[in-house]
Amino acid sequence: MKNIITAFLKTYTATKIGIIASSVVFIGVATMSTIYVMGAEKDTRQETVITSSNAEEIEEIIEVPQEILNPETEQEETPEPEEEAEEEDETPPKVVKYQDKTVTVPKSTVAKVNSTEDAEKDKKKGGEEVKQEQVEEMFENVGKKSMGIDVSAHQGKINWSQVKQSGVEFAMIRVGFRGQTEGKIYEDTYFKANVSGAIANGIKVGIYFYSTAINDTEALEEAAWVVNKIAPYSITYPVVYDFEDFGRYRCTGVDGNVATKNALTFLNYVKSQGYEPMMYANKNDITRKMSRSSFSCKFWLAHYTEETDYKGSFNMWQYTSKGSVPGISGRVDMNIAYFTYGTVADAKHTHNYTSVVGKVKEATCTEEGSKTLRCSCGETKTETIKKLDHKFGEWQVETAATTESAGVEKRVCDTCKKEETKIIPKLENKPVTTPSETPKPSASPVPTPEETDPPAESPKPTTTPTETPAPSPKETLEPSQTGTENKKTPLAETSETEEISE
């Protein structure tokens, strides 16, 4: 172009977004022209007035990093991308019949952060910077209300304990989205962690699904998938249909009428399953492309401003995307609900883990086993199988015991061949005895014959024949001599005498 002189090129390396831009200086003094300079963030533009000596209108668009345009602007950190799940959802196919339609609940994959299929990552941001500590004062004149946030994988890992302590009462959590090009359904990377963490810390939970449905059949698929995913959890706040991609990506043919039909299909099915439905839309879409009067359910308005001028009725207001809440890194959407719930809703489903997934790791005598079970809703859990008891055989003598050393016995488990041993005590060293000798009991001494025989009578004095004359044969004893101790009769004595004389 005429009269445009390139003064110099400055190489700039952006540490966060890794691109190089060149600053081009245009010198001129004639015509004021407007150049639209696109920033690093999609769909945001900044006007810069440049002078040129050329009368022609300058139409070039120069792409430069946002850090050059606003060097003092704090750049938001994007969570580190995570790997996409290796396996798809293996939930057995589930068929849903609703009104005149029959659909199969789609299988899904857990998305990675900032997936190219995630259309919500390109969503426009806006509103004032608001800290959680300011919200009560901001809405102090509002009667019945509850203060909350909405989150997805774009907020990364969240410390829900800190979020609760900051005063957040509810959280609208993204369960998933439909891909913007191929139309596949993805589960939000942090859905399970977010819903479990919020509920565990006493924060009431609502759900939203980011749709790119191109017809009401796809909308019913999305609704059936959402209901199936959230059934095990206590969902107290509404379940929301969020459609924003008019005329772009795979939704180039979706106008306001199609979008309204799709939304009603989704919301009515959700209501039929016992959840409170709610429609989400920004001020422009609900005013120009759809009609608030088409929806009898609750309405969630997105309008980033200090005071909305939307004339229709709404039940929840997303007033900024630049909120700051303890426990969340970076920015987060802030909401006020003009309603609240006194109690937490019950889960619509109780898990029944019956189907075995994959290969079972059998337990052994030395290691625990494990198996993964799947519920009819698709959720899985891994159970531990306790170790088996050993099956030992009989004890066998490995080394016999002696008086010098102990012995050893061993037994072996028939299953794992584990060995156990035990000690056999040494033998006692006993004295050796000959066969002819009878050992005497050591416990009590054997009495002597003298100790066991009765006492003997004193011996009677013996008389020799010479000292005692033999009585005559006819001699008899005196009566006084009868009855004395063991005396012989005269006849006996006589016969004895006679034998001697003979």
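In which loop is D118 found? I would like to start there, and then walk through a few other places in the chain.

Before that, a word on what we are looking at: this is a predicted model, in which local features need pLDDT of at least 70 and side-chain atom pairs count only at pLDDT 80 or more, while totals for chains, interfaces and linings use all residues. Residues are numbered from 1 along each chain as its sequence is written, and side-chain values use heavy atoms, with hydrogens and water left out.

The protein chain has 9 helices and 23 strands, where helices (H or I, at least four residues) and strands (E, at least two) are DSSP runs numbered from the N terminus. Of its 502 residues, 37% are buried; buried means under 20% relative accessible area, exposed means over 50%, and partly exposed is in between, with a 1.4 Å probe and protein chains only. If we take the contacts with a separation of 6 or more, 60% of them are between residues 24 or more positions apart, contact meaning heavy atoms within 4.5 Å.

Now to D118, which lies in the loop between β7 (109–110) and β8 (130–131). D118 counts as buried because its relative accessibility is 2%. Its side chain makes a polar contact with the side chain of H154 at 2.9 Å, and another with the side chain of R174 at 3.0 Å. A polar contact here is a pair of N or O atoms within 3.5 Å; within protein, one must be able to donate a hydrogen and the other to accept it, and residues adjacent in sequence count only if both atoms are side-chain atoms. If we leave aside neighbours within four places in sequence, D118 is in contact with H154, R174, F177 and Q180. The loop between β7 and β8 is also the place of N114, whose phi is near 60°, a positive value in a residue other than glycine. N114 counts as partly exposed, because its relative accessibility is 27%.

Let me turn to a pair of helices. Two packed helices are described by the angle between their axes and the distance between the axes. For helix α5 (residues 216–230) and helix α6 (residues 256–272), the axes come within 8 Å and cross at roughly 30°, the axes being lines fitted to C-alpha atoms, for helices over the stretch in contact, with angles that run from 0 to 180 degrees between N-to-C directions. That angle is why α5 is described as roughly parallel to α6; under 35 degrees counts as roughly parallel, over 145 as roughly antiparallel, 65 to 115 as roughly perpendicular, and the rest as oblique. On the α5 side, the residues that meet α6 include A219, A223 and V227, and on the α6 side they include K261, F266 and Y269. The residues of this contact of α5 with α6 divide into 9 nonpolar, 2 polar and 3 charged, with Ala, Val, Leu, Ile, Met, Phe, Trp, Tyr, Cys and Pro counted as nonpolar, Asp, Glu, Lys and Arg as charged, and the others, Gly among them, as polar.

Which backbone oxygen does the side chain of T260 reach? T260 is found in helix α6, and its side chain reaches the backbone oxygen of G256 at 2.8 Å. T260 counts as buried because its relative accessibility is 12%, and, not counting residues up to four places away in sequence, T260 touches M290, S294 and F295.

My next stop is a pair of loop residues, K387 and E368. K387 has its place in the loop between β20 (380–385) and β21 (396–399), whereas E368 has its place in the loop between β18 (355–361) and β19 (369–374). K387 counts as partly exposed because its relative accessibility is 43%, and E368 counts as partly exposed because its relative accessibility is 47%. Residues up to four places away aside, K387 touches A363, T364, C365, T366, E367 and E368, while E368 in turn is in contact with K361, A363, T384, I385 and K387. The C-alpha atoms of K387 and A363 are 24 residues apart along the chain and separated by 5.4 Å; those of E368 and I385 are 17 residues apart along the chain and separated by 5.6 Å.

I will finish with K417, in the loop between β22 (407–412) and β23 (419–424), which has a positive phi near 65° in a residue other than glycine. K417 is exposed, because its relative accessible area is 57%.
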